[in-house]
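My notes follow in the order of looking.

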Amino acid sequence: MNTLESRLHAAVARVRENWRGTRFIDGLEPGPAGTNALLDVARLYRANRLEIGRLRLLGGRAVAGLFFDPSLRTHTSMEVATGRLGAHFVYLQAGQGGGGTWSMEFEDGVVMNGTAQEHVREAAPVLSSYADVLAVRAFPKGDAHDREERVIRSFSAHAGSPLINLESALAHPCQGLADQLTLSDLGGGSFARRKVCLTWAPHPKPLPQAVPLSVVRAAVLGGADLHVAAPEGFDLDAEEMERARSFCADTGASITMTRDPDAAASGALAVYAKGWGAEQRGEHTERVADLGHWTVGEARMKSATAFLHCLPVRRNVIVTDAVIDGPKSRVVPQAANREPVQAALLLAWLL
Ligand code: CP
C-alpha cells in the first residue's frame with residue numbers, strides 16, 4: 001500500500017469512528033464529527049485525484065444512480081467520482097418510458113392496475129443486488145407525499161445497500177456537504193464563527209426548499225454565524241429549521257433570521273443566494289413581482305467576500321451578471337466540490 005493509499009485508509013477510518021450509518025438523506029446523519037472526517041477524505045481526494053484515479057481503489061464495485069428529475073452537476077459529478085475510484089456507474093432515468101425504467105409505485109397495498117408497472121418494494125432490493133450504493137434524485141411533486149419524502153424514504157426502507165439522496169423535497173445533502181467544503185476553503189480551513197448569509201432571491205417558480213435547508217444544515221454543522229434573509233411570507237420550514245438549530249449547541253453555530261438582505265450580507269464570508277417558494281404557493285408569482293430588489297447585485301456584495309449559488313442560476317433574476325461574472329463569484333469551484341465530497345461518501349462506505 002503506498003503512502004496516499006495509507007492516508008486515505010486512515011482518513012476513512014476516522015469517518016467510521018464517528019459514523020457507521022448507511023443513509024445520507026438529509027445530510028445531518030454523520031453529525032459534526034463525521035462530517036468533518038468526510039471533508040478530510042474529500043480534501044485528500046481533491047488534492048490527489050489523478051493519482052487516486054490510477055489506484056482503482058473501488059474496482060469491481062458499482063453505483064446505481066436513479067434520476068426521476070434532470071441534472072447537470074449531480075449526475076456528472078457522481079459518475080465521474082465513481083469512475084475515478086475504479087467503480088462502475090449505472091445511470092437510470094426513472095419512469096420516463098423509452099430508455100428509462102418502468103414507472104414506479106410507492107403506495108403499499110395498492111391494486112396496480114394504473115400506469116405504474118413496478119413497485120419500489122421490488123425495484124429497491126433488485127437495484128441493491130447489483131449495485132453497492134444506490135443514489136436517488138426525486139424532486140417534490142406538489143402533493144401530500146412531498147413532506148414525508150416518500151420516494152427517497154421508500155428506497156431507503158427497501159434498499160439493502162447504502163443510499164445517497166441526490167436531492168429530494170427537503171434536502172440536497174451532497175450540495176450541502178460540498179458547500180461546507182467551499183465555505184471552509186473560503187475561511188482558510190474552517191468557517192466556524194464566521195458570518196455566512198443565506199438570502200432568498202427572486203425566481204419565477206415556487207422552488208422547493210431542499211437547497212436552502214441544506215445550506216442551513218451545512219452552516220450549522222460547520223459552526224457558522226448564519227444570517228438567513230427572506231421576505232415576509234417566504235420563511236423556511238419551521239420544523240426543519242428547529243432540527244438544524246438543535247446542532248447549534250454542539251458546534252457553536254448561531255442562526256439569525258432577518259427581512260433585511262443588506263444587513264445579512266454585510267461583512268459576510270459568503271452570500272449564498274437561492275430562490276424558494278412563497279409559503280402561500282398560490283401567491284408566489286404576485287409576491288415575486290414586487291421583490292426585484294432582492295436580486296443580488298454589486299451593492300449588496302460590497303463588503304462580502306464571496307458569492308455562492310448551487311446552480312443552475314437565472315442570471316439577472318437571482319443575481320446580476322456583474323456579480324456572477326465578477327471576482328467574488330465562487331460558483332464554479334463550488335460546483336467542482338461536488339465530486340470530492342461524493343467520492344468521500346463512496347470511500348467511507350466501500351473502501
Ligand atoms: N446543484 C445541482 O444539484 O445541480 P444539478 O441540478 O444540475 O445536478
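How many cavities of 30 Å³ or more does the structure hold? I found 1 cavity of 30 Å³ or more.

Ground rules first. The model is predicted, so I note that local features need pLDDT of at least 70, side-chain atom pairs count only at pLDDT 80 or more, and totals for chains, interfaces and linings use all residues. Residues are numbered from 1 along each chain as its sequence is written, and side-chain values use heavy atoms, with hydrogens and water left out.

**Entry 1: the cavity**

On a 1 Å grid over the protein atoms alone, a cavity is a set of points where a 1.4 Å probe fits but cannot get out; a pocket is an open set with protein on both sides within 12 Å along at least five of seven lines; lining residues have an atom within 4 Å of a point. Points are joined across faces, edges and corners, and a volume is the space filled by probe spheres set on them.

I read about 70 Å³ for the largest cavity. Its lining is D26, G27, T35, P173, G176, L177, Q180, S214, R217, A218 and L221. By class I noted 4 nonpolar, 5 polar and 2 charged residues. Here Ala, Val, Leu, Ile, Met, Phe, Trp, Tyr, Cys and Pro count as nonpolar, Asp, Glu, Lys and Arg as charged, and the others, Gly among them, as polar. Helices α7 (173–186) and α8 each supply at least two lining residues. Helices (H or I, at least four residues) and strands (E, at least two) are DSSP runs, numbered from the N terminus.

I then picked Q180, in helix α7. Is Q180 buried or exposed? Q180 is buried, with a relative accessible area of 2%. The cut-offs are under 20% for buried, over 50% for exposed, and partly exposed in between (1.4 Å probe, protein chains only). Leaving out residues up to four places away in sequence, Q180 touches T35, L39, F191, A218, L221 and G222. Contact means heavy atoms within 4.5 Å.

**Entry 2: the domains**

The domain assignment gives domain 1 (3–171 + 338–350) and domain 2 (173–335). Such bounds come from an automatic or database assignment. The C-alpha centres of the two domains lie 25 Å apart. I got about 2500 Å² of buried area between them, with 65% from carbon and sulfur atoms. Buried area is the accessible area (1.4 Å probe) that two parts lose on being put together, summed over both. In domain 1, L28, R73 and R338 lose the most area to domain 2, together 27% of what that side buries. The cavity lining draws at least three residues from each domain.

The largest pocket has a volume of about 1200 Å³. Of its 42 lining residues, P140, P206, L207, P208 and Q209 are the closest to the centre. Helix α8 gives the largest share, 3 residues. I noted 19 nonpolar, 9 polar and 14 charged residues in this lining. Both domains give at least three residues each to the lining of the largest pocket.

The second largest pocket holds about 390 Å³. Its lining has 22 residues, and the closest to the centre are F68, F106, F139, K141 and V151. Helix α6 (residues 150–158) gives the most, with 3 residues. In α6, I found R150, V151, I152, S154, F155 and S156 buried.
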